[in-house]
Protein chains: 2
Amino acid sequence: MNELQPIFSRIAPIDRSWLERAVARQDSLTKPPRSLGKLEEIACRMAAIQQTLSPRVDRKRVIIFAGDHGITEEAVSPYPSEVTAQMVANFLRGGAAINAVARTARAELTIVNAGVASPIPAIHELSPGIEFVQRPVRKGTRNFLKEPALTEEEALRAILLGCEVAADAARAGVNLIAMGEMGIGNTTSASAVTAALTQLSAVAVTGRGTGVDDEAFLRKQAVVDQGVRLHAQGSGDAFHILRTLGGAELAGLAGLCLGAAAKRIAVICDGFIACASAAVAVRLCPAVADYLFCGHLSTEPGHAIVLELLDKKPLLHLDMRLGEGTGAALAMSVVDAAVRTFTEMATFESAGVSDKQEAAKKADG
Amino acid sequence: MNELQPIFSRIAPIDRSWLERAVARQDSLTKPPRSLGKLEEIACRMAAIQQTLSPRVDRKRVIIFAGDHGITEEAVSPYPSEVTAQMVANFLRGGAAINAVARTARAELTIVNAGVASPIPAIHELSPGIEFVQRPVRKGTRNFLKEPALTEEEALRAILLGCEVAADAARAGVNLIAMGEMGIGNTTSASAVTAALTQLSAVAVTGRGTGVDDEAFLRKQAVVDQGVRLHAQGSGDAFHILRTLGGAELAGLAGLCLGAAAKRIAVICDGFIACASAAVAVRLCPAVADYLFCGHLSTEPGHAIVLELLDKKPLLHLDMRLGEGTGAALAMSVVDAAVRTFTEMATFESAGVSDKQEAAKKADG
């Protein structure tokens, strides 16, 4: 993994002294101390990430990596693999859930084809605010029951693609990223990656994804179990786990986390697959964790396990399980509001509002 | 309460057939069935409230009622009563937390002086999007340990004021309201109202509000206990409970819920005080409940109790306890995104995406 060292070397943990300065400012604002709860923690971390008491969330971008999975040969999803390409076209036309959520959050949208198997239906004109990056590392991964999903070179290429997409966002002045994914079969991949990272059983980490029936669910658990035994039994090597069991979109998202942290941009993780990818990035470079927020808790059982591995609390609990970055994009408004309260509120002094301490002093005096 | 009958008669429960039509539309959209979780439920209810499969959330208004409380004579808050007027001025200048959150949600802001005790510092120019309604029913309530907080006539006037403010919003084309409050001492009032509505003990429903110390906390619990014994022991009359133990801003908010339901406008309730007011409205007219969403779960212990009384699940869990409508306004983005996914997403058919059933049919065929 020498190729990633230059990125790792640019990622530093956030500076705790910025956190302290931000907490002191919070306590001067016209509200009872700590009464904005998690909004205060978010704003303080954003201040530390951006190294300023005037953090900004005025340019938001949702970035979706798409890829296909050879493991769909084992009938682990109720949807055919072609749906990945069809949904990419739907994103580009502006008709998917993530388009509506991104519009609500006033966020741009970048779709990255990191490894879609089927041809993507031609789109004549992209909707405004939508960008399409065509950089597939291969057309779908290999079936991991037969061989590693990606070669080392392919996995590395996908990670570096993610880093590049983050650097592009940084150049555009983006100050908040929501990460999302699309890939039929990728809950199976994410389950295998999670089982390998946590050493938990396939049964514990595997859920029904987009909604398989009982028979397919048992098959999916068995596939995850066999995949982990075949490639990653007892392995602590996150890159090896990612390339043998993961996929191009998972590797791309891991790279996005690395690249965003290197540029000091906060990233909101989405559901199970996005968080499993983020967990790989954190295993590769632990300081990445300081730059991550977790958007929501999905109903996919592996998600809570990955959140625990990341040691992160989700911002939203809305029983969503769609992916595409929808939970992360929805949480952008929470981060935005957190930062705006921090930067736009008056202080007790500037607003001429009596504060608690002052009242107490008067009572004593 | 004959004066409220004309309002009650205009409030009807939502029509379940609209819910069914909305659920059918949800299942045609390009996502696995139910994968948007609570967003789907929210959008379906918005469709039923507005009686259309094209519900809209394009004009949002945060409405804050402010009032003071005679019970502050008993030293139940760490802040002096003057802070209510000072914070109203802060809202009007745009420097409070709710201003920042409302701007994030692209919502207008209406501040209603329903009964502030101190003079409100003069504001020379209102910020854009802010409206100030000066209609105090009296300058602060009476100390409920000595006499009822409001007369019947005052309480009724405050409720009707709330109805009027809702009607104004309806005339302006507002299709989503977030309700908030400001009033030093009003967690004590809300605790007493909640204890009376639920027949629970003062200890169960009373919290530390803006942050009283142990001594003041014990005093606050005793005050709540005595107030309920004095005015509302075993009373099931919500209007009597509201006027003897509540306040002008609580009565105004109860009226706002009634008035909004009469105009078929959805209302997002905020924290403990707002939800206690909403619970009074629902006790007066149960069909109001269909029009209410609960924005968040605050850390004030009485809030969870009132949410249970309302039989509502909160949309956000962010450990906030500020009031002002901040939790409700934050949840506006969730409702907005829910409605936009519902109205803006492509269907499987229009997007040319293979759906699960279709794939299954092909497999059978």
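Modeller: One term before we start: buried means under 20% relative accessible area, exposed means over 50%, and partly exposed is in between (1.4 Å probe, protein chains only).

Biologist: Okay. What are we looking at, and how is it numbered?

Modeller: This is a predicted model, where local features need pLDDT of at least 70 and side-chain atom pairs count only at pLDDT 80 or more, while totals for chains, interfaces and linings use all residues. Residues count from 1 along each chain as its sequence is written, chains are lettered from A and ligands numbered from 1 in the order in which they are written, and side-chain values use heavy atoms, leaving out hydrogens and water.

Biologist: Where is A:Q26 found?

Modeller: A:Q26 is in helix α2 of chain A, residues 16–26. Helices (H or I, at least four residues) and strands (E, at least two) are DSSP runs, numbered from the N terminus.

Biologist: And is A:Q26 buried or exposed?

Modeller: Buried, because its relative accessible area is 2%.

Biologist: What is A:Q26 in contact with?

Modeller: Skipping neighbours within four places in sequence, A:Q26 is in contact with A:K31, A:L39, A:E40, A:A43, A:C44 and A:F342. Contact means heavy atoms within 4.5 Å.

Biologist: A:F342 has a ring. What sits over the ring of A:F342?

Modeller: The charged end of A:R25, 5.5 Å from the ring's centre. The charged end of A:R45 likewise sits over the ring of A:F293, 4.0 Å from its centre. To count, NZ of Lys or CZ of Arg must be within 6 Å of the ring centre and within 35 degrees of the ring normal.

Biologist: New topic: which residues touch the most other members of the largest nonpolar core?

Modeller: That core has 287 residues, and A:V62, A:L258, A:V288, B:V62, B:L258 and B:V288 touch the most other members. A nonpolar core is a set of buried Ala, Val, Leu, Ile, Met, Phe, Trp, Tyr and Cys residues joined through side-chain atoms within 4.5 Å. B:V288, beyond its neighbours within four places, has contacts including B:I11, B:C257 and B:L258.

Biologist: How many salt bridges are there over all chains?

Modeller: The whole structure has 38. A salt bridge is a side-chain nitrogen of Lys or Arg within 4 Å of a carboxyl oxygen of Asp or Glu. One of them joins B:D336 and B:K60, with the closest N and O atoms 2.6 Å apart. B:D336 lies in helix α14 (residues 326–344) and B:K60 in strand β1 (residues 60–67) of chain B, so the pair ties together parts that are 276 residues apart in sequence.

Biologist: Are B:D336 and B:K60 buried or exposed?

Modeller: Both are buried.
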